[in-house]
Amino acid sequence: PLVHRIEADTQAKRVAQLASLLLDEMAHSDFAAEVRQLRDVTQSIKRKKADDKRAKIMQQLGLSVKTTGGGTYIHSNTDAFGEELTSLEREEEEAGVTCIVCREGYAFKPSEVLGLYVYVRALELVTVVMGTRGGGSSSSSSAVPSGSAGGGGGAVSREVVYTSVSHFNGIHYTCHKTSAQIDATMRPPKTEWEGATVRNLKTKCNNLFPIFGPTTSPSQYKRCVSGYWDRLTSSAPTRMPYFECCIYDLRMLLSRFAHRLSFSVESHGGGPGHNMSYAPFLVQMALFLLDDFDSTTSRALYERQLVTTLLSPAAESTAATAASEPSASQEHLHFVLTSSLVLLSREEWKAHKYGVVKRYLSAVARGFPAGHGTMAFSSELAPARPG
């Protein structure tokens with residue numbers, strides 16, 4: 001018994017270890033039955049103490065163990081505890097987008113800005129300046145492959161726009177920054193977007209798309225929007241207004257749905273469901289760029305284009321003209337049609353949607369190419385610099 005008590009002494013670890021080895025040897029001798037009995041009694045005492053402690057904790061929480069024919073389960077003895085669990089479940093459901101690192105959303109971190117990991121590539125957009133009979137000129141935008149003719153002998157200038165896809169993994173900006181700092185200290189170190197790709201379920205990403213959440217301040221969102229476009233333009237500069245770039249991005253994303261094109265051919269992750277969840281946030285940013293980002297973007301200008309091209313009685317002939325003119329007018333019709341999702345309210349869209357679709361289909365029937373468009377990928381955007 002003395003040796004066994006020493007074996008169970010947690011304070012004298014080295015001596016207890018030697019006592020245990022001695023009893024192990026005695027377990028193979030004439031004293032085997034006594035050693036086994038001592039150890040069984042001690043184990044039973046420890047098990048009873050653990051059960052008593054667990055029962056005390058469960059009693060404090062209002063829980064009990066129930067055994068039925070289907071097995072053993074934990075049962076709540078108080079309605080209050082059940083209501084608390086229901087409340088927690090409801091809060092999790094209301095959280096919406098959550099951070100892939102800390103697993104929290106707006107319910108528990110209302111002041112933190114959330115973003116979505118996205119993979120963005122540059123597109124080349126061609127502006128064709130067409131000569132007119134009166135000796136003047138007119139210009140319109142057409143997304144065409146590099147090296148294509150401008151059509152009709154017109155002058156050609158090229159501009160950069162962007163197309164993005166997402167696996168719809170959210171992350172707090174602070175969590176992304178902290179994770180990037182940790183990645184940089186690893187051996188071997190990871191770059192900002194190498195580490196982000198791992199967190200993004202091995203889906204390539206090179207930017208963080210901000211979300212204007214229910215508790216996000218306009219100043220916070222504006223700062224994150226500026227960071228998003230700064231990362232893009234540092235790798236592939238553009239002179240086009242950000243609002244128009246955002247509309248072209250949305251236009252290309254919707255084209256992937258319409259023509260069942262892959263969302264993951266470049267990013268190696270993310271499918272239709274993820275990008276359908278991402279699309280409303282593109283509309284959200286487009287609205288912010290149009291109305292609140294700066295004073296250089298005129299809503300009235302784009303609304304006039306929409307009325308002239310698709311909403312007014314004369315828009316029928318405008319759409320018909322687009323079907324017979326070079327791809328510049330055709331791409332302009334694509335652009336205006338996509339911008340209607342941003343410019344029209346829900347009620348306005350309900351009132352005009354049949355006329356808009358009718359005029360668009362009328363152009364298609366006259367030979368207008370309704371396909372993915374003639375946009376061509378230019379060089380891939382370089383990953384943004386850390387920090």
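**View 1. Helix α8 along its length.** With 17 residues at 1.5 Å a residue, α8 should span 24 Å, in agreement with the 24 Å between its end C-alpha atoms (the expected span being 1.5 Å times one less than the number of residues; helices are DSSP runs of H or I of at least four residues, numbered from the N terminus). The model is predicted, so that local features need pLDDT of at least 70 and side-chain atom pairs count only at pLDDT 80 or more, while totals for chains, interfaces and linings use all residues. Residues are numbered from 1 along each chain as its sequence is written, and side-chain values use heavy atoms, without hydrogens and water. Because 13 of its 17 residues are buried, α8 is largely enclosed by the rest of the structure (buried means under 20% relative accessible area, exposed over 50%, partly exposed in between, with a 1.4 Å probe and protein chains only).

**View 2. The packing of α7 against α8.** Helix α7 (residues 218–235) packs on α8 (residues 242–258) at an angle of about 80°, their axes lying 12 Å apart, which makes the two roughly perpendicular (65 to 115 degrees). Tyr228, Trp229 and Thr233 of α7 meet Tyr242, Cys245, Cys246 and Asp249 of α8, contact meaning heavy atoms within 4.5 Å.

**View 3. Cysteines without disulfides.** The whole structure holds zero disulfides, a disulfide being a pair of cysteine sulfur atoms within 2.5 Å. The sulfur nearest to that of Cys102 belongs to Cys99, 3.8 Å away. Cys246, buried at 2% relative accessible area, has its closest cysteine sulfur in Cys245, at 8.5 Å, too far for a bond.

Definitions and conventions:
Axes are lines fitted to C-alpha atoms, for helices over the stretch in contact, and angles run from 0 to 180 degrees between N-to-C directions. Angles under 35 degrees count as roughly parallel, over 145 as roughly antiparallel, 65 to 115 as roughly perpendicular and the rest as oblique.
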